[in-house]
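Biologist: Could you walk me through how to read a structure like this one? I'm new to it, so please take it feature by feature.

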Amino acid sequence: MKRALRAKMPGLAIVFCVGFFQHADAEEKLDITSLMTSLFQVQDRIASGDQAAFSLQDHLRKLAIAWVSEAEPVAKWTDDQFRSLIVLAITGASSQAINRVLAQPQADQTRVNLALAALRYRQGRPVQAMKAFQSINGAQTDERLRPYIDFAQASLWARVDQAKAISSYNTVRLNAPGTLLEEVALRRLMTLHLSAENGLPFFSVAKQYARRFSASPYRAQYLALLRKGVSVLRHGLELETVDEITSHLPDGLGVTLYRDIARDAVVKARLKLAAHATARLSALSQANQLFAVNQDTLKLWSLIASMSEKTPGETSVALVSIERSKLETEDQSLFDATRSMLASITAPLADLGRTDPQKSDLQQPSAQAKSKDGQSLPDTADEELSAMIEEGKALLGTIDDMLAN
């Protein structure tokens, strides 16, 4: 069993695991304080990208819960043990054993307030939980609990007062640097700023996350938030800001980010953003062949992004050089839509240059046809031409709307 765990847990996680089994072999009874200390260290490894440490995290959490369920009454616990209980309760360990211990009589009023706040928080009773947290005397509370209390309060404020939630999450990240707690706080700050459409704070937090936690196993959630932020907060966004954020990400994540941004921008006709993202995607792809991107896809996106710089005829010619069969299904639909739009623009213009060979100017000396009684008849050719012009104007208006975005 030891060999199997050691094979799965590189880096410091192995050291923690070995230390745990050395204690176990010596038949020493580990208490909740030592278990939680190891758990914190393992979680910090997870935040830095050590995904193999997940199994050890789960094991340590189970051991901590087992200790709580078998321990003597909480009133007899040391301050360190009680502090570890509160942290375990706030960080989401799901166990009724923890709730039962929190509900036991406590040694003093400070513990009563902390235990009640943590219990109501776990029970999903936000009003009572917030009231209990506010009754906690900060001067009499262990400073090591401060980030966790702020984290719990931020989660509660997020439902009713985003400004206070943002303030509390900022306090968390400042007081718990480099920890999994900071990693979660940064992602939640991004969510709150995005909801409030706070562009500058959103991208500022995104930069911090990219610099500190780009290897985190939770980075997929970060990338999803960042993609949405670029789309929603694009007005006033300096595209170099996205480039700066991406410079802190591994090449593979940068390619993923720009590919998603480019496709979304192309589909939504945000041509300036599409052109920038496609160019950056092409550069990253060429710099690292491990993350090469389909060249026909790049050509299609680049072509659509530069439609405002070319005539419909030039764009149609360029479109022919793209092999539709090499595109993904979504991009094939985009290819077809682009081709149809170009055809609807160029076809009426081509029709204007056609003449009926059996009706030359020599055969129609009069500019306007006459009826048998000499009255003028309506010129249907002019009406058809006007209709085509109006249709062309409508299409050009649609393109103008696309370019405006």
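**Reading the features together**

Modeller: Let's start with a salt-bridge network: Asp80, Arg83, Asp142 and Arg144 are linked in one. Keep in mind that this is a predicted model.

Biologist: How many helices and strands does the protein have?

Modeller: There are 20 helices and zero strands. Of the 405 residues, 42% count as buried. And if you take contacts between residues at least 6 apart in sequence, 61% of them join residues at least 24 apart.

Biologist: With helices to look at, how do I describe two that pack together?

Modeller: Two packed helices are described by the angle between their axes and the distance between the axes. Take helix H3 (residues 32–47) and helix H4 (residues 54–70): their axes come within 9 Å and cross at roughly 160°. An angle over 145 degrees counts as roughly antiparallel, so H3 is roughly antiparallel to H4. The crossing of H3 with H4 is left-handed.

Biologist: Which residues of H3 and H4 make the contact?

Modeller: On the H3 side they include Ile32, Leu35, Leu39, Val42 and Ile46. On the H4 side, Phe54, Leu60, Leu63, Trp67 and Val68 are among them. By kind, the residues of this contact divide into 13 nonpolar, three polar and one charged.

Biologist: Can we try that on another pair? At what angle do the axes of H10 and H11 cross?

Modeller: Helix H10 (residues 162–175) and helix H11 (residues 180–195) have axes that cross at roughly 155° and come within 9 Å. That makes H10 roughly antiparallel to H11. Their crossing is left-handed. The contact includes Ile166, Tyr169 and Arg173 of H10, and Leu181, Leu189 and His193 of H11. Its residues divide into nine nonpolar, four polar and three charged.

Biologist: Now back to salt bridges. How many are there?

Modeller: The count comes to 20 salt bridges. The rule asks for a side-chain nitrogen of Lys or Arg within 4 Å of a carboxyl oxygen of Asp or Glu. For instance, glutamate 183 and arginine 187 form one, and their closest N and O atoms are 2.9 Å apart.

Biologist: What separates glutamate 183 and arginine 187 in helix H11?

Modeller: About one helical turn, because they are four residues apart in helix H11. Glutamate 183 counts as buried, since its relative accessibility is 0%. Arginine 187 also counts as buried, at 11% relative accessibility.

Biologist: Which salt bridge links distant parts of the chain?

Modeller: Look at aspartate 331 and arginine 263, whose side chains meet in a salt bridge at 2.7 Å, N to O. Aspartate 331 is in helix H19 (residues 329–352) and arginine 263 is in helix H15 (residues 251–267), so the pair is 68 residues apart and links distant parts of the chain. Both aspartate 331 and arginine 263 are buried.

Biologist: What about glycines? Where is glycine 252 found?

Modeller: Glycine 252 is in helix H15. With a relative accessible area of 17%, glycine 252 is buried. Its C-alpha atom is separated by 6.2 Å from that of phenylalanine 291, 39 residues apart along the chain. For another glycine, go to helix H18 (residues 312–320), which holds glycine 313. Glycine 313 is partly exposed, with a relative accessible area of 36%.

Technical notes. Residues are numbered from 1 along each chain as its sequence is written. This is a predicted model: local features need pLDDT of at least 70, side-chain atom pairs count only at pLDDT 80 or more; totals for chains, interfaces and linings use all residues. Side-chain values use heavy atoms; hydrogens and water are left out. Axes are lines fitted to C-alpha atoms, for helices over the stretch in contact, and angles run from 0 to 180 degrees between N-to-C directions. Helices (H or I, at least four residues) and strands (E, at least two) are DSSP runs, numbered from the N terminus. Angles under 35 degrees count as roughly parallel, over 145 as roughly antiparallel, 65 to 115 as roughly perpendicular and the rest as oblique. A crossing is left-handed if the near helix is turned anticlockwise from the far one by less than a right angle, and right-handed if clockwise. Contact means heavy atoms within 4.5 Å. Ala, Val, Leu, Ile, Met, Phe, Trp, Tyr, Cys and Pro count as nonpolar, Asp, Glu, Lys and Arg as charged, and the others, Gly among them, as polar. Buried means under 20% relative accessible area, exposed over 50%, partly exposed in between (1.4 Å probe, protein chains only).
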